[in-house]
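Please look over the model shown here before reading the points that follow.

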Amino acid sequence: MNRQSRIKALTGLTSLMLAGAAFAAAPAQANQPGDEFAGNSHPYRHGVVNAKGQAGSARTRTSNLKFGGGVDGIGVTTGPQKVYLVFMGTQWGTQGTDANGYTTLSGDPMGVGVRAQQLFKGLGTNGETWSGVMTQYCEGVAKGAGTCGTAGTHVGYPTGGALAGIWVDESAAAPGQATGNQLAAEAIKAAGHFGNTTAASNRDAQYVVLSPTGTHPDGFNTSTGQFCAWHDWNGDTTLSGGAASSPYGDVAFTNDPYVTDMGTSCGQNYVNAGSAGTLDGVTMVFGHEYAETITDQNPAGGWTDSSGSENADKCAWKGTGGVGGSQNVTFATGSFAMQGTWANDYNGGAGGCEISHPIVP
């Protein structure tokens, strides 16, 4: 979810809290899946925070996405996706390597880091068509367009995997509650670390900033931070702490907290039971933000609906199985719980959630 959304989300939450004693006395819905993406929408685009099952939680599934015209000339990720995993802070502990060559960390008790590596390395392999849903979207069409037709440059398919690099930044401890500005600055720092020191080298890159267990980036897992992740770009002036200046061009980044700290509220066992589903939320949430970044790289210049929801927001916590529900998707690196994302061209153009879609050339 874009950082700008958090500001009005809190305003909306305050209004709901004042709505009456009956609502206040209701079960602790704020800890239910569904809050995690701020009611499946971006509240800075006039959405509201809705827990799963509350009125309005599915309303954004009724309208298609439209192109926002781009921000700084950037609408979607058009080239081969480059995902850089950035483990922020000394709390991640000692590095190692497992039998499959993945980086392990002694301060990662749930194995979130390895699972993230497997996920992004597996995208675009095994003929998977989860990524195909996003390839129908493009840039280079008129602002407000709902289809690409034969025009525009489409979102690329991540052939052979999207993982481009891993960095454990041990220069300092991760803040207890990193601001949006600090997260953006970490992404910019990572761009320099990886040698992406030009706007061109960052055009199709995204930096996934992972915070260690027990920390609360942007208030994650606190009374004012009932979300699981969000994404943005460094130039967003509404970031807490303000925009972060980049000498390397625009930098897209994701705030991916240690989602297992919130258990079922962030998707644990959403698809799979028992130990097989412990990290369901990790891959669903990380996949959610990845899908939104490549279709709306500099929010909101890419594809959003009339309420401001992005493609993954519209299908968050839709249930399991079927055409668009969350389910296991098999990549060359394993089987992963993934959520569906919105397809404008589904059902004759009426739109809907899909877990699979033919790759658009």
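**Notes on the model**

1. Gly 302 touches Lys 66, Phe 67, Gly 68, Gly 75, Thr 295 and Asp 296, leaving out residues up to four places away in sequence; contact here means heavy atoms within 4.5 Å. Gly 302 sits in the loop between H5 and strand S11 (303-304). Because its relative accessibility is 0%, Gly 302 counts as buried (under 20% relative accessible area, with exposed over 50% and partly exposed in between; 1.4 Å probe, protein chains only). Its C-alpha atom is separated by 9.2 Å from that of Leu 65, 237 residues apart along the chain.

2. On the source: this is a predicted model, in which local features need pLDDT of at least 70 and side-chain atom pairs count only at pLDDT 80 or more, while totals for chains, interfaces and linings use all residues. Residues are numbered from 1 along each chain as its sequence is written, and side-chain values use heavy atoms, with hydrogens and water left out.

3. The chain has 5 helices and 15 strands (DSSP runs numbered from the N terminus: helices are H or I of at least four residues, strands E of at least two). Of its 361 residues, 58% are buried. Among contacts with a separation of 6 or more, 73% join residues 24 or more positions apart.

4. How do H3 and H5 cross? The axes of H3 (residues 112-122) and H5 (residues 280-295) come within 10 Å and cross at roughly 50 degrees (axes are lines fitted to C-alpha atoms over the stretch in contact, with angles from 0 to 180 degrees between N-to-C directions). H3 is therefore oblique to H5 (angles under 35 degrees are roughly parallel, over 145 roughly antiparallel, 65 to 115 roughly perpendicular, and the rest oblique). On the H3 side the contact is made by Val 112, Arg 115, Ala 116, Leu 119 and Phe 120, and on the H5 side by Val 282, Thr 283, Phe 286, Gly 287 and Tyr 290.

5. Of the 11 residues in H3, 10 are buried, including Arg 115, Gln 117 and Gln 118. Just after H3, Gly 124 has a positive phi of about 75 degrees.

6. The largest nonpolar core has 71 residues, and Phe 120, Trp 130, Tyr 207, Phe 286 and Trp 303 have the most contacts inside it (a core is a set of buried Ala, Val, Leu, Ile, Met, Phe, Trp, Tyr and Cys residues joined through side-chain atoms within 4.5 Å). Beyond four places in sequence, the contacts of Phe 120 include Val 83, Leu 85, Val 208, Phe 286 and Tyr 290.
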